[in-house]
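Please have the sequence and the model open.

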Amino acid sequence: MRSDTELRIRADTAAPYGDVARVMGAAQDSGLTRIGLITQPAGAASGVVAR
């Protein structure tokens, strides 16, 4: 695996935290060191951005 390989995880509030943590752990166990979470501001999915 290339050393610059990066995993980006996107999960909404319906995704159980434990499931996301298990995916991150499995990625780390497989040798990935660049693991990131993609976030979105509250309301952005509906087109309404909280101010």
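A search of the whole structure finds 3 salt bridges. A salt bridge here is a side-chain nitrogen of Lys or Arg within 4 Å of a carboxyl oxygen of Asp or Glu. This is a predicted model: local features need pLDDT of at least 70, side-chain atom pairs count only at pLDDT 80 or more, and totals for chains, interfaces and linings use all residues. Residues are numbered from 1 along each chain as its sequence is written, and side-chain values use heavy atoms, leaving out hydrogens and water.

| Salt bridge | N to O distance |
|---|---|
| Glu6 and Arg8 | 3.0 Å |
| Arg34 and Glu6 | 2.8 Å |
| Arg22 and Asp19 | 2.5 Å |

Arg34 in strand 2 and Glu6 in strand 1 are 28 residues apart, so this pair links distant parts of the chain. Helices (H or I, at least four residues) and strands (E, at least two) are DSSP runs, numbered from the N terminus.

Arg22 and Asp19 sit 3 residues apart in helix 1, which means about one helical turn separates them. Arg22 is exposed at 56% relative accessible area; Asp19 is partly exposed at 37%. Buried means under 20%, exposed over 50%, and partly exposed in between (1.4 Å probe, protein chains only). Shared partners join Glu6, Arg8 and Arg34 into one salt-bridge network.

Helix 1 has 13 residues. Just after helix 1, Gly31 takes a positive phi of about 110 degrees.

Methods:
The expected span of a helix is 1.5 Å times one less than its number of residues.
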